[in-house]
Amino acid sequence: MPTTDRDRDEQGRARNARPRDGLGRPLPYGAEGVERQPEGVPRTPAEALAEAQRLLDLGRPFHAHEVLEDAWKAAPEAERELWRGLAQLAVGLTHAARGNRDGASALLSRGARNISPYLDDPPHGVDVACLVAWAATGAGVPRLTGGPR
């Protein structure tokens with residue numbers, strides 16, 4: 001029997017309104033959490049990459065994943081796997097930060113596989129070669145685009 005006490009958004013879709021910590025883990029209702037990224041924010045590719053990088057640099061890969069997921073959903077068909085792969089890399093980094101090595105490895109591999117087709121002609125300045133190499137090591141915070149940090 002369906003429950004009627006689930007958190008819902010304005011359109012009636014199920015949404016968990018529990019607060020979350022900096023790595024996206026749900027906290028008990030009433031706990032003080034980290035502000036979540038709003039969903040469905042329209043951004044240009046450059047804005048999405050800059051915001052995701054800002055969040056990664058702040059140690060918030062779960063939140064970066066949400067930004068990249070919005071870009072994935074809004075991307076033209078030819079770029080969807082790039083954005084999907086970038087979101088998966090951020091989730092892999094989230095799993096690593098949470099201590100889930102197996103989950104991190106799986107998501108980093110999947111993300112690298114999804115962005116690899118863009119190696120020869122990477123859109124939006126995404127440093128695909130560097131990200132694929134980074135995913136193989138899973139070390140540190142990735143740099144999404146080339147250029148100075």
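Mentor: Let's start with a word we'll need: buried means under 20% relative accessible area, exposed means over 50%, and partly exposed is in between, using a 1.4 Å probe and protein chains only. This is a predicted model, where local features need pLDDT of at least 70, side-chain atom pairs count only at pLDDT 80 or more, and totals for chains, interfaces and linings use all residues. Residues are numbered from 1 along each chain as its sequence is written, and side-chain values use heavy atoms, with hydrogens and water left out.

Trainee: Okay, which residues of helix H5 are buried?

Mentor: In H5, residues 128-137, they are Val128, Leu131, Trp134 and Ala135. A helix here is a DSSP run of H or I with at least four residues, numbered from the N terminus.

Trainee: How do you know that the buried residues of H5 line one face?

Mentor: Look down the axis of H5: its buried residues fall within an arc of 120°, so they line one face of the helix. That arc is taken from the directions from the helix axis to the C-beta atoms. The face turned away from the buried side carries the exposed residues Ala136 and Thr137.

Trainee: What do the buried residues of H5 pack against?

Mentor: Helix H3 (80-97) and helix H4 (101-115). Contact means heavy atoms within 4.5 Å.

Trainee: Now, why is the meeting of Glu51 and Arg54 called a salt bridge?

Mentor: The definition wants a side-chain nitrogen of Lys or Arg within 4 Å of a carboxyl oxygen of Asp or Glu. Glu51 and Arg54 meet at 2.8 Å, N to O, so the pair counts as a salt bridge. They sit 3 residues apart in helix H1 (residues 45-57), about one helical turn.

Trainee: What makes Glu51 count as buried?

Mentor: Its relative accessibility is 17%, and the cut-off is under 20%, so Glu51 is buried. Arg54, at 40%, is partly exposed.

Trainee: How many salt bridges does a search of the whole structure find?

Mentor: It finds 3. One of them joins Lys73 and Glu69 at 3.8 Å, N to O, and these two lie 4 residues apart in helix H2 (residues 61-74).
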